[in-house]
Each structure stands twice: as C-alpha cells, then as structure tokens.
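Hi everyone, and thanks for coming. Please have a look at the structure on the screen while I walk you through it.

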Amino acid sequence: VDVCTFEKVGIRGTNIVVLGVEKKSVAKLQDERTVRKICALDDHVCMAFAGLTADARVVINRARVECQSHKLTVEDPVTVEYITRFIATLKQKYTQSNGRRPFGISALIVGFDDDGISRLYQTDPSGTYHAWKANAIGRNAKTVREFLEKNYTEDAIASDSEAIKLAIKALLEVVQSGGKNIELAIIRRNQPLKMFSAKEVELYVTEIEKEKEEAEKKKSKKSV
Amino acid sequence: MAATFFGEVVKAPCREEEEEEEEEGRRETPEDREVRQQLARKREVRLLRRQTKTSLEVALLEKYPCSKFIIAIGNNAVAFLSSFVMNSGVWEEVGCAKLWNEWCRTTDTTHLSSTEAFCVFYHLKSNPSVFLCQCSCYVAEDQQYQWLEKVFGSCPRKNMQITILTCRHVTDYKTSESTGSLPSPFLKALKTQNFKDSACCPLLEQPNIVHDLPAAVLSYCQVWKIPAILYLCYTDVMKLDLITVEAFKPILSTRSLKGLVKNIPQSTEILKKLMTTNEIQSNIYT
C-alpha cells in the first residue's frame, strides 16, 4: 500500500511523540478539515495511516470503540501496544476470511503508556506490527527512513523541539512544496494530542532553514 | 465407411473436411465483406505529414535518413523524453501516426483530437537524422505490423540505432524473489543481437517477456539485424508518476542519449511542473 500515498513520519522522542504527514493538495471546493490524516484513538494515543481512506475510517472507528470499551471494563486506558495489537489482529482476520479483502492501510500508532514511556508502532495490511524508534510510511518511505537512520540520535530526540524539527526535516526530504504541505501532531507525556497550525509549522520550517544556512556558511568559512 | 463388431456397416466420422461444407462455411456474403473492409479501414494506421495532414506515401524512415531513433511508449516514458530530451534541443515535428482501436476513448475515428491516440514523430533540427517518437496510445496487435511498415518500411537501413523506452506494471515481473522486496520502480533492458554497447541496467531475465508495440519493434529490429535496445521500467504506478519517470534517469548517461541531454536540473523542474499540471487528486488514497 505504498502506491499513491503521501508520506507519514513518526518519531519517538524521550518526552514527546511526533507524527508528521504530507498534506495532499485539496480541490478548491473541498473542505480541508474533512481531509484529516492524523486521528486520535484516545486521549493518549493517535495514529496516522497511509492507504485507502475508507478502510482507515473503518479501522479507526473499531479502534476507538475498543479504547473506550477497555477503559470501562478494566478501568485503565489502553496501552499503545494493546491497541496496536487489536488493530493488527483485526487486519489479520481479514487476510484469512472468505469473501473479504485485507484492509489497504499501513498505520503509524504513537502514544504514551501509563508508565510514562513513549511508544511508536507500525502495522501493515498483513496484520504484523513492530515497534520503532522512528519510521516512515508512504510512497517514498525508503528515502525518509534512510534520512531518519542517519539523523536519529539521542541528542536529536532529547528535546521536544529537536524531535519536532527532525520530523519536519525528514518530511522535507520528499515533500514537493515545502512547509505549507506538512501537517504535524504531537503528544507530550500526560497531555492530550496537539495539532499544529500551519503558522506553527512554518515557524519550525523557517528555523530549520536558518540552521541550514548557518551550517553552510560555517562550511564555506572552513573550506576558505 | 466402417464395419462394426456385429457386421453392420456405419458411416465412420471423417476428420477430413468435406469440400462442399468448407466452401459454404467460408463463402463470404457481400455484407460480411463490407463489414470486414469497413473494420479494416477503421483500424488502419495512417502516417500523416505535419503541415498538410496528408498521408505519407513512403515509410517515414525511407523518406528521411536516420542514424538514431528513440521511441517512448506509454505516458511515463513520454514524460521522461519530454522533460529531459525534448527540452535540450530544438525538435521539429515531422509527422504523426493516427490510429483507432477499442482502447481509444472516442468512437469517432476521423476526428481524433491531439490528446487522443497519437504517435508523434520529431527530428532534431541541428541533426535531422536523429528521430524521436512519442507514442502515448495503445497500438493493437493487428495494427503493430502496419505501424512498423509505415514507420520503418519494408527494407529498413541497418546503420541506425533504436532505443525504446516503456513501462510495465511490476505485477507482470516474474521472479523467484519475494515481490514485496522488489525495489520498484526498476529498470531492465533487452537488446538485439546487433546491439554491441552495454546497457545501463541489468538485462531482462527469463521467463519475463516484452509485450505490445515495444516487442513488435524489437522483434522487427532483430529480424532486420538493426541494433536496438529496449529499456523497460517496472513500476507499481502506471499513471504519470514522478518516481517512475525518474527511474529512467540512468539512460541519460548511455550512448543512446548522449549529446541529446543538456540541462538536467532544469529538466527536473520541467518534469515536476508536468506532474503538477497532470495531477488528478483522488480522494480514495491518503
């Protein structure tokens, strides 16, 4: 399901989890708010998906119901691993039933558990799920993943702003038109999901560009 | 006639076709003939001159001398040549091939618009023996031979080099590896015996085969001992796609396209613009 999908990046920081997605250009008469790619599953868990939008809607609805059902039954919010396992099991069921087709989505699920540790999981249509420190899904996932492998360091994720910048930088590697096509969401420990406005994203993008320029100036000074 | 076990004589079924029945079955009524001729006229491949839009009397490459012929078949290959090759020189249109088949979206065979089934032929103004063909229509099996005849003629010259670019869906690629691990899009090459240069990518392995017009052109070149190479890009996106088009980039360094490509960064910009103007945003995928 990497065909025709836009980039999604997930990063697990020490105190923050970041989900960045590439915004696709919306038709003029279309209401942008209805084209959401980052969805909250509960107060402390959210997910971004790549693939068939309709399939994602079904999976997200089931996951949201499960989150509440779990809270009512066990009186504890779901762990990120639990809800990922639920989604993955659901996906797997559809690969082994007659008359059904698999869900055409890959998902990045991020959040914080009660123990305060951040989590990032990725699921795919086969129903497998794995934990990651940072990952990307979508058409250019390979390029983005290579970038993350090079630049994901303990320093990079130590501070919240550095983790956010890393997500944006990773997306800028492959996103065509820069900052205005990036949507960002973060969850800080014990805080609900926060979606960034376009202005806030632009601020980070400008900061990144400034840092790049300064780094290049330093390089040229050194070579001279 | 045969005798059975009990002595009866029965007419044995005869596998030989009886002459009277054969003639009756094959006799064409005038209506059948008319329909068949109409269909043949409808499906005729016409090669037209650019200015006058009249048919060419001789084959294209018999009329003009040719040292190099680059053919792009399919929208991604066409976009690649448009951005990288056609922007690096002045190309003049010499003619086009007009054809109709069931794949065309219009039923009107006489007024095909330029965005419809067309193969356009260009030559480089600074070196008129270098030809280029942009074919974004589907050429059906019965029309491929006609296309070859009208373009190459019945006795083609051997001192030209042909390069064909096309795409195919990665699900057609047969391999013992897991298809999930295939680095699509990827390039494979297939060349004729007389093509002595090396390809810029691995050769197409068995049991994979080439289909449609690229196969027809390559077979024709093999039979007529013309050096030709086909670059086939296996991709997972058949519509116009930036990553698929960029997969053709290794060909820019080969002898086939040497000297024809000047400004690569500018070409990349032009390609991006081409993509955005052609983008039809679908709401199915996110």
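Let me begin with a term: two residues are in contact when they have heavy atoms within 4.5 Å of each other. In chain B, if we take the contacts with a separation of 6 or more, 76% are between residues 24 or more positions apart.

Now some housekeeping. This is a predicted model, where local features need pLDDT of at least 70, side-chain atom pairs count only at pLDDT 80 or more, and totals for chains, interfaces and linings use all residues. Residues are numbered from 1 along each chain as its sequence is written, chains are lettered from A and ligands numbered from 1 in the order in which they are written, and side-chain values use heavy atoms, with hydrogens and water left out.

Let's stay with chain B for a moment. Its secondary structure comes to eight helices and ten strands; these are DSSP runs numbered from the N terminus, with helices being H or I of at least four residues and strands being E of at least two. Of the 286 residues in chain B, 44% are buried. Here buried means under 20% relative accessible area, exposed means over 50%, and partly exposed is in between, using a 1.4 Å probe and protein chains only.

Val94(B) sits in strand β5 (residues 91-98) of chain B. Is Val94(B) buried or exposed? Its relative accessibility is 7%, so Val94(B) counts as buried. Setting aside neighbours within four places in sequence, Val94(B) has contacts that include Leu48(B), Leu60(B), Phe121(B) and Phe131(B).

Next, how do the chains meet? The contact takes 17 residues from chain B and 18 residues from chain A. The size of an interface is often given as the accessible area lost when the parts come together. For chain B and chain A the buried area is about 1400 Å², 50% of it on carbon and sulfur atoms; buried area is the accessible area (1.4 Å probe) that two parts lose on being put together, summed over both. Helix α7 (residues 242-246) of chain B gives the most to the side of chain B that touches chain A, with three residues. By class, that side of chain B has six nonpolar, six polar and five charged residues. For the classes, Ala, Val, Leu, Ile, Met, Phe, Trp, Tyr, Cys and Pro count as nonpolar, Asp, Glu, Lys and Arg as charged, and the others, Gly among them, as polar.

On to salt bridges, meaning a side-chain nitrogen of Lys or Arg within 4 Å of a carboxyl oxygen of Asp or Glu.

Let's visit a few of them. Glu81(A) and Arg85(A) form a salt bridge at 2.9 Å, N to O. They are four residues apart in helix α2 (residues 80-93) of chain A, so about one helical turn separates them. Asp160(A) also forms a salt bridge, with Arg188(A), and their closest N and O atoms are 2.8 Å apart. That pair links distant parts of the chain, 28 residues apart: Asp160(A) is in helix α5 (residues 160-172) of chain A and Arg188(A) in strand β9 (residues 182-188) of chain A.

Over in chain B, the side chains of Glu44(B) and Lys150(B) meet in a salt bridge of 3.9 Å, N to O. Glu44(B) lies in the loop between α2 (30-42) and β3 (46-49) of chain B and Lys150(B) in helix α5 (residues 141-152) of chain B, so the pair ties together parts that are 106 residues apart in sequence. Glu44(B) is partly exposed, at 31% relative accessible area, and Lys150(B) is partly exposed too, at 27%.

Finally, some backbone details. Gln206(B) and Pro207(B) are joined by a cis peptide bond, with omega about 0°. You will find Pro207(B) in the loop between β9 (186-191) and α6 (212-223) of chain B. In chain A, Glu75(A) has a phi near 65°, a positive value in a residue other than glycine. Glu75(A) is exposed, with a relative accessible area of 67%.
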